[in-house]
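Student: I have a new structure open and would like to learn how to read it. Could you walk me through some features, one at a time?

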Amino acid sequence: MDLPVVDLSRYLEISARRGAGALPPAAAEVELRALCTTVSGCLRDSGALLVKDPRCSVEDNDRFLDMMERYFGRPEEFKRLQARPALHYQVGATPEGVEVPRSLVDEDMQAKIKLMPEEFQPAIPRGPDPKWRYMWRVGPRPANTRFQELNSEPVIPEGFPEWKETMDSWGSKMIAAIEVVAEMAAIGFGLDKDAFTSLMKQGPHLLAPTGSDLQRHGSLGTVFAGYHYDLNFLTIHGRSRFPGLSIWLRNGQKMEVKVPVGCLLIQTGMQIEWLTGGKCLAGMHEVTVTNRTLEAIELAKQQNLSIWRVSSTLFAHIASDAILKPLGHFAETPVASKYPPMCAGDFVERELGVINLKGRKGYS
Ligand SMILES: O=C(O)CCC(=O)C(=O)O
Ligand SMILES: [Fe+2]
């Protein structure tokens with residue numbers, strides 16, 4: 001089974017015509033509803049969705065990946081200059097061996113893993129993830145908030161004059177894609193169109209690409225990101241040049257994700273689970289070296305290309321001061337009481353406490 005690809009162009013076109021006051025013909029309206037139902041249904045059943053957004057081109061993705069490959073390929077001493085451990089790595093570089101996957105520390109999760117059929121069990125991480133990461137905030141921040149971030153200036157590595165523009169432009173394009181998906185999902189779930197997007201305004205969105213050195217950690221089965229869920233609202237990734245991401249569907253099946261060229265991958269995080277009263281669960285996933293990763297490594301070596309695996313992960317968040325609670329009819333789900341109202345910022349801090357990274361805002 002492959003995930004369906006939803007082309008966002010039609011939704012954008014129909015919305016633009018509506019915005020211009022030209023009401024679409026009934027057929028277009030029916031088509032739009034069907035697309036929205038595909039989006040919400042896929043997020044509910046798979047915790048993931050592939051989309052094509054005409055505003056996010058292959059060239060944009062490549063420009064970003066090229067720059068990040070060049071960055072992660074620099075020596076460790078250089079990259080450590082961009083690490084801010086005193087700021088809990090909330091901006092700049094996070095060296096490999098720092099991030100801890102939830103499955104390593106969460107005993108409930110470990111117990112659940114043991115109950116899974118063997119063929120679908122995730123790889124058991126033995127320690128922290130061997131991947132680097134870079135944290136870059138995207139979009140406007142609130143002037144007044146109960147969750148003032150530490151006084152953290154963005155970090156720009158020396159020798160990368162194109163850094164800010166590349167990060168901001170790719171980051172804001174991916175947020176624009178997420179906003180459309182969030183609107184479509186809201187419509188598909190029978191909520192107001194802006195039920196999610198109104199809560200995302202001024203959220204602490206983070207462009208947080210990972211970098212994994214396949215030269216040193218390229219053997220079959222190596223775990224780059226141990227089994228976990230993301231604590232944010234929705235996560236979006238551009239296509240990585242090296243596969244390796246597996247997701248767990250709602251029915252418990254494990255599936256290796258194939259992202260076609262030009263597509264973006266969306267995953268559900270814990271905040272959408274909260275807002276939908278558990279209708280849409282946070283998608284579990286892991287990143288490991290698989291046979292397909294090995295094939296891509298071989299090909300890259302033959303062509304003398306970088307063998308750093310870069311992900312263009314962006315964590316889209318609900319605004320820290322907004323309240324997380326099951327929205328509209330989701331307040332009536334049988335398990336809605338598992339999701340009591342709480343500030344998104346408090347929720348993020350609580351989650352970070354569990355995984356020992358309190359103070360760090362973007363960890364997933
Ligand atoms: O490296 C990736 O492809 C994604 C890693 C991941 O799941 C995360 O950063 O939360
Ligand atoms: Fe993740």
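Student: Which residues in H2 meet which residues in H7?

Tutor: Happy to start there, and please keep in mind that this is a predicted model. On the H2 side you will find Leu35, Cys36, Thr37, Val39, Ser40, Gly41 and Leu43, and they meet Val181, Met184, Ala185, Ile187 and Gly188 in H7. Sorted by class, the contact of H2 with H7 has eight nonpolar, four polar and no charged residues.

Student: How do I describe the way two helices pack?

Tutor: In general, two packed helices are described by the angle between their axes and the distance between the axes. Here, the axes of H2 (residues 26-46) and H7 cross at roughly 95° and come within 7 Å. Angles from 65 to 115 degrees count as roughly perpendicular, so H2 and H7 are roughly perpendicular to each other.

Student: At what angle do H3 and H7 pack, and how far apart are their axes?

Tutor: Helix H3 (residues 58-72) and helix H7 (residues 163-188) pack at an angle of about 135°, and their axes are 10 Å apart. That makes H3 and H7 oblique to each other. The crossing of H3 past H7 is left-handed. On H3, the contact is made by Asp60, Arg63, Phe64 and Met67, while H7 brings Thr166, Trp170 and Lys173. The classes in the contact of H3 with H7 are three nonpolar, one polar and three charged residues.

Student: Let's step back to the whole protein. How many helices and strands are there?

Tutor: The protein has 11 helices and 16 strands. Its C-alpha atoms fill a box of roughly 55 × 45 × 45 Å along the principal axes.

Student: What share of the contacts joins residues at least 24 apart in sequence?

Tutor: Counting contacts between residues at least 6 apart in sequence, 81% join residues at least 24 apart.

Student: And what percentage of the residues is buried?

Tutor: Buried residues are 43% of the 364 in the protein. To judge a single residue, count the other C-beta atoms within 10 Å: 20 or more means buried, 12 or fewer means exposed. Take Ala27, which sits in helix H2. Ala27 is exposed because it has 8 other C-beta atoms within 10 Å.

Student: Is Gly203 buried or exposed?

Tutor: Gly203 has 25 other C-beta atoms within 10 Å, so Gly203 is buried. You can find Gly203 in the loop between H8 and S5. Apart from neighbours within four places in sequence, Gly203 is in contact with Ala316, His317, Ile318 and Ala319. The C-alpha atoms of Gly203 and Pro140 are separated by 8.0 Å, although these residues are 63 apart along the chain.

Student: Where is Asn304?

Tutor: Asn304 lies in the loop between helix H10 (291-302) and strand S13 (308-310). Asn304 also has a positive phi, of about 60°. With 7 other C-beta atoms within 10 Å, Asn304 is exposed.

Definitions and conventions
Residues are numbered from 1 along each chain as its sequence is written. Chains are lettered from A and ligands numbered from 1 in the order in which they are written. This is a predicted model: local features need pLDDT of at least 70, side-chain atom pairs count only at pLDDT 80 or more; totals for chains, interfaces and linings use all residues. Axes are lines fitted to C-alpha atoms, for helices over the stretch in contact, and angles run from 0 to 180 degrees between N-to-C directions. Helices (H or I, at least four residues) and strands (E, at least two) are DSSP runs, numbered from the N terminus. Angles under 35 degrees count as roughly parallel, over 145 as roughly antiparallel, 65 to 115 as roughly perpendicular and the rest as oblique. A crossing is left-handed if the near helix is turned anticlockwise from the far one by less than a right angle, and right-handed if clockwise. Two residues are in contact if their C-beta atoms, placed from the backbone, lie within 7 Å. Ala, Val, Leu, Ile, Met, Phe, Trp, Tyr, Cys and Pro count as nonpolar, Asp, Glu, Lys and Arg as charged, and the others, Gly among them, as polar.
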